[in-house]
Amino acid sequence: MAAFSSLTDRLSSAFRHLRSKGRLTDADIDGTIREIRRALLDADVALEVVRPFTARIRERALGEEVSQALNPAQQVVRIVNEELTTILGAGVDRPLNVAKNPPTVIMLAGLQGAGKTTLAGKLGYWLRDAGHTPILVAADLQRPNAVTQLQVVGERAGVPVYAPQKGVQSDGGEAVASPGMTSGDPVAVARDAVELARTKLYDTVIIDTAGRLGVDEDLMRQARDIRDAVHPDEILFVIDAMIGQDAVRTAEAFDKGVDFTGVVLSKLDGDARGGAALSVASVTGKPILFASTGEGLKDFEVFHPDRMASRILD
Ligand code: GDP
């Protein structure tokens, strides 16, 4: 995974030093843990995550587990793999929530540029491919281009888009009616869209909301108002893996602001340090449900903590 390639290199170099040793001394283990710690911090993993992570590895590695092991280096790798899986959300991972009575309502939240609109298209495409009937909703009325951008995304994904002004709805075929729609009010747009989905039998409503460049109270209030109007089954917080050390603060602000139910890591294809995103699950205790890995509709995958840990340690 590009966003973690330098972390992967650094960790494998830390383990390489162990491989030449038959038996590990405490000093060997401490040296390796120092390297792991430096690699994680350099990759922007938050200190509050790194500290307990390395403490657990040290405790397990210095305990019976490794000293008795036939192959100590492999044992250390296994411990790191298990602990990495834990910080990526093992135990809280689960599939997407689905409503008992359709439509399932999914609301997207996050900073501007995080990848929400792109994700709306990917999710819609993925659901459609699985036999669902999703509809995308343009409730980002802050940015002039946001509605048009969602329509372009919907067109590409072959998924209808519910938009706030008459004449701008598109569904890649059949028109989506919007009688009585209140132009300019994202809460009304979201509410109307859910109602439309109920009557027209769209089984999933994906609501794109406004993002700002920084966390701001107006944005949070608007997102909360939309949430309280439509009671989403899932509120997905989309976070750009390249955001760096701001990841934890941003995630905490959105957690407090909208109490999101799941996380989507985006731009994992980037070549900068993506480690900050690794902190989000463990800091918020919320599961990472999806990973976005490019600008294309198919650059998207269901997130599995164990598989991601293995890829990082590959
Ligand atoms: P929004 O403001 O949260 O709706 O963000 P957008 O969906 O408009 O995305 C912002 C920019 O990031 C756009 O240029 C997207 O093409 C790009 N983008 C979104 N997701 C990804 C991703 O996973 N990888 C890469 N490389 N670019 C992405």
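## Aromatic pairs

Two rings of Phe, Tyr or Trp, with the six-membered ring taken for Trp, form a pair if their centres lie within 6.5 Å. Planes under 30 degrees apart count as stacked and those over 60 as edge-to-face, while the rest are tilted. The model is predicted, and its structure holds 5 aromatic pairs.

One of the pairs is formed by W126 and F290. Their ring centres are 5.2 Å apart and the planes stand at 75 degrees, so this pair is edge-to-face. W126 belongs to helix α6, whereas F290 is part of strand β7 (residues 288–292), so the contact ties together parts that lie 164 residues apart in sequence.

## The ligand and its shell

Which residues come nearest to the ligand? Of the 17 residues around the ligand, these are G113, T117, T118, D269 and E295. Helix α6 (residues 116–129) supplies the largest share of this shell, with 4 residues. Sorted by class, the shell is made up of 9 polar, 6 charged and 2 nonpolar residues.

The ligand takes up the space of the largest pocket.

A polar backbone atom of S292 is 3.4 Å from a ligand oxygen.

On its own, the ligand has 580 Å² of accessible area, and the protein covers 80% of that area.

## Backbone features in loops

Where is the cis peptide bond that has omega of about 5 degrees? This bond joins P102 and P103. P103 is found in the loop that runs between α5 (72–87) and β1 (104–109).

D44 is a residue other than glycine with a positive phi, near 80 degrees. The loop between α2 (26–42) and α3 (47–62) contains D44.

Notes: Residues numbered from 1 in each chain as written. Predicted model: local features only at pLDDT ≥ 70, side-chain atom pairs only at ≥ 80, totals over all residues. Heavy atoms only, no water. Near = heavy atom within 4 Å. Polar contact = N/O pair within 3.5 Å; in protein donor to acceptor, adjacent residues only side chain to side chain. Areas by Shrake-Rupley, 256 points an atom, 1.4 Å probe, with all protein chains shown as cover. 1 Å grid on protein atoms, 1.4 Å probe; cavity = no way out; pocket = protein on both sides within 12 Å on 5 of 7 lines; lining within 4 Å. Sits in = over half its atoms within 2 Å of the grid points. Helix = DSSP H or I, 4+ residues; strand = E, 2+ residues; numbered from the N terminus. Nonpolar A, V, L, I, M, F, W, Y, C, P; charged D, E, K, R; others polar.
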